[in-house]
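User: I'd like to learn how to read strand pairing and domain contacts in a model. Could you walk me through one?

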Amino acid sequence: MKLTPQVIQELSRLVGIENVRTDEVSLSLYAYDCSLSRTRPDGVVLITCAAQVAPVLRVLAKHSIPFVPRASATNHAGSCSALKGGVILNLTALNRILQINTREGFAVVEPGVITGDLQAALAPLGYFYAPDPASTQACTLGGNLAQNASGARCMKYGGTLDHVLAVQGVLPDGEEVFLSRTQMGPDWVGLLAGSEGTLGVITQLTVRILPVAKHIQTFLVTFPSLQDSVEAVSDLAACGVVPRCVEAMDKTTLQAVEEFAHAGYPTQAEALLILELDGTPAQIKKEQRVLEEICRAHQALHFSFAKTKEEREELWRGRRSAFAAMARLAPNVLVGDGTVPRSRLPQTLQRVQQILKENNLCAGLLFHAGDGNFHPHLLFDERNKLQTRLAARALQEVLKACVEQQGTLSGEHGVGVEKRAVMAYQYDVDTLGVMQKIKHALDPKNLANPLKILPCRFSEKARVAHPLLPQVEVLRQQMLAWKKEKIAFQIAGSNSRLKTKHVHVLSSVSLNQIVEIDKANYTVTAQAGVHLNVLAAALKKAGVYSLLPAGEGTLGGLFCSGVLPQFYAHVLGVEALLPDGTYARYGGKVMKNAAGYPLTRLWAGSQGKLGLVTQLTFKVFAAAPKVPAPRAFVAMVPNLIQTRLLQAWGGKV
Amino acid sequence: MRKNKTGKLAALHTPLGVRSVYDSVCFCNRCGMCSPVCPSYAAQPKEATSPRGRNQAFRLFLEGKLKNNARNRRELVKLITSCTLCGRCSRACPGQIPTAQHMLEFRRRLRACLLPRTLFVGLRLRQTAPWLFEWGVRCGLWLHRVKVLPFIGVLPGFGWVKHVCELLPSRRQKPFMPQDKTRPTRIYLPSLEAQFILPDLARSVYDTAAKKHRVCVWKNTASGLFEYVYGDLARARKIVRGLIIRHSQTGNGKLPLLSDSIDVYNFFKQVPQLFEGFPTWVQKAQHFADCVRFVCDVLPKKPAQAGAFAKPVFMMSSALLADDSPAQIQAGQILHTLFKKNFVQCGYTHAQAVPAGYGFVKDTCAPAYELEAVRTLAKHQVQTVFVLSGLAALELDLALRRFYPAARAEHIARLNG
């Protein structure tokens, strides 16, 4: 669909005629990102000031023209290609750091600020921004949030999702919104993470900044097998030692890196780990002893640590040049991004190697061993169609293998168009339906980055859902009956915080089982109606600790009431019954998940307005963390997004 | 060799091996690591001014996926003329893709001469009729002294003269024309600007080298760089072939060849790729390239004038083609040793190159790049900026005089007076 002269004129009036490009060369230059996907848009609008975004989107909405927000376009998922044509909104010029507040610990930035530039600005002040994607020097903060990117430090600090405090954005119809984590209600900021521009355009972010750890110790350890290396990391976490980051590479990558960077890595090993510990010197010393013992127990071939800053830099130089080392071996590198529960990493990697062998492909394996996230770097030549097809097919098989191991198809790169098909393999119809409803509620005309994330005709392809538990089925029937009779009802836990006097209350207290305490992955799966006191006692008995306080109320009630927002980041998986009777299952034991909208954040603090949470999977620790005190319960005031979501689900609950 | 009159490079000598131009372009994985270090992207952050965009455009052009019409040609010329050819992108690129070389090749294939016709013809005279060129330059300098030269700038096609007038130093200096030494031990090939515009620079280099060596000067000799960057490849190849033969016939054929311009130095280091497909000539060219030295090679450990420069000092990377050439690294080390903490080291990720000398860009882009470069200097409160070519020093000094008069730009050879 070519842009009409009227549209071009209207856009030119808003951004300047030189910033509306429709020539063939410009369109070709906005047809790609770092993935295999290539689609030429119909126009490119170069945004030069954040205030231009809303009026531009209003013009596009008026003429029903799809658009794709785009910054550095360094993603590996094809999130920036204009599949339905339309307009690319180039946001790279919005690259100002507006404020750095070290006293309060935040920075206000525009979405086009390069992550490395923010780090460079913070470094002299003794602060840093925790998420560190490998492309830090090129990717932007807006892109990081849109893709929910994370990096090597994710194990300790979490991903972008956990470090954005507020977002200013524009919905696809041009409506401006301000979303903050201080507001009561669902974690809307979290919901935007990983939305890949399908819910609107981010125009400003407030990100959390942290003081730089004064003492950091970097270790280099090699193992005779990948399995040993992964088991060592699992045991380390089990002992309560959470390294700042744990990076790993296999033999192929190790040799390529050594040939390229001469970082001094021992090349005989099958696996190499680079670990970093931070904290006080005494703490580091204590943890170092534990680390060394565990590594020796797993037949470590080599154990050393950096004695000086230069040595530390040298150790990291090799890891940082891994992509370069692979990139010089072939014209193209297809980077995968599967994530599995940590304990499943060895068998998954074995399967990955088998897939690569079957497809006759050479690949290096890099992984963030701490969170079960691995990146196969598949080498191929894009000009060779057969090889390209093989690489794409192998990647899909790898991702399916991850899903089979209770993992996810993306830990940090997003879904885009390249992994869209695997979404149907990972999620059932109801869960994909929830994601579609979110998209439809905020973008009814389907203009914002259309055809991304959700697979086409997923109702036919989506995986078969497990049957519902009898207790959940009872609740579902009750809910549907009330809806049919048009009886207003309230969703609640044990009603200890909500204190509703509603006659019709749909309560989760019947769901009171602790499903699993998994000490290998350090996760707990429990039903929402489990009493907090019961849960605390069970965890204590198992020798693990969570962020949850003991006391009144249920697990689901605490999560949905919004009184403990610190807990949101610990929730890895959620199951919920929706107002329309569908049942969504999202996440699991994986430490990070960038496959689709982060649904855990939709129900976090939703106060029963968006459905009934039935089950949660969350992180636990070997050592007791500092438990924050829950804040006072305040009833939420529905905002624009929530009103639209409720409308999409068919009215008030 | 005679048959090789093609205007295209047969292959590129990249850091990761010899590759055809198309192969080399195809190695771009579109990761975008090059963009933040590119001066043109820093000034105008859009895909058409990024190295990734340039590579992709070239690839589409080579694959015939862009329509051959006037509008596309215009856009492509804009795209390539915004590149300063500094080569920073290659250093940041995981695959070390030589985007600057791609852009030069792209220029040739589009037959895009970026220079005004009159300037192009004038400069080409240096190769075809050196005596006429020398006479023309002398006339020009005389006209500049009597303040008539700016009036020529009003003539159609001579607009560039105004810019040249701004660059030319006002004081009178004799062109650098020393007598040749017999049985030389070193050859000095002065750059165009060092010979005619900054003869004191050429004299300084000559005197420094002459302290230890018997120096033979190749006066008013074209290096082929001008033809390589702006003209056609066959002509550049012919000039270089002449230089290789002349070099092999001077002394024992192994004399080090000294250059005061990093642009010429980098070009000479890459001449073997001009002869790809002709193994004998590749070998000869490689020998020639191995003999090329930069002026830092003859600088004493404690240069005479090092203390005379206002501090802090900075080294502006405005080199053509290779940002991490050995000469540049060597120059950085010299400055670091001399000025220690007063030498501001700027990571290569800072896109601060200025389009000076042979990194000529269209007038529409240049001011934005200059401002970006000056902003970097002002941010570091720099007083003296060392550059590695005379033309770059003149260009940068002009930008500093306009926007940041507190700083001066100097050629690194000035360290010795």
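Predicted model: local features only at pLDDT ≥ 70, side-chain atom pairs only at ≥ 80, totals over all residues.

User: Which residue is the bridge partner of Leu189(B) in S5(B)?

Analyst: Residues are numbered from 1 along each chain as its sequence is written, while chains are lettered from A and ligands numbered from 1 in the order in which they are written. In general, strands of a sheet pair through backbone hydrogen bonds, either parallel or antiparallel. Here, Ser259(B) is the partner of Leu189(B). Strands S3 (186-189) and S5 (257-259) of chain B pair in the parallel sense over three bridges. Pairing requires at least two bridges found by DSSP; strands are DSSP runs (E, at least two residues), and helices likewise (H or I, at least four), numbered from the N terminus.

User: In what order do the strands of that sheet in chain B run?

Analyst: The order is S4-S3-S5-S6 in an open, parallel sheet of four strands. Strands S4 (215-217) and S6 (292-294) of chain B are at the edges with a single partner strand each, so one side of each lacks a neighbour in the sheet.

User: Where do domain 1 and domain 2 lie in chain A?

Analyst: Domain 1 of chain A covers 5-90 and domain 2 covers 97-211, with bounds from an automatic or database domain assignment. Their C-alpha centres are 22 Å apart. The contact (C-beta atoms, placed from the backbone, within 7 Å) takes 15 residues from domain 1 and 20 residues from domain 2 of chain A. On the domain 1 side, H3(A) gives the largest share, six residues.

Note on methods: Contact = placed C-beta atoms within 7 Å.
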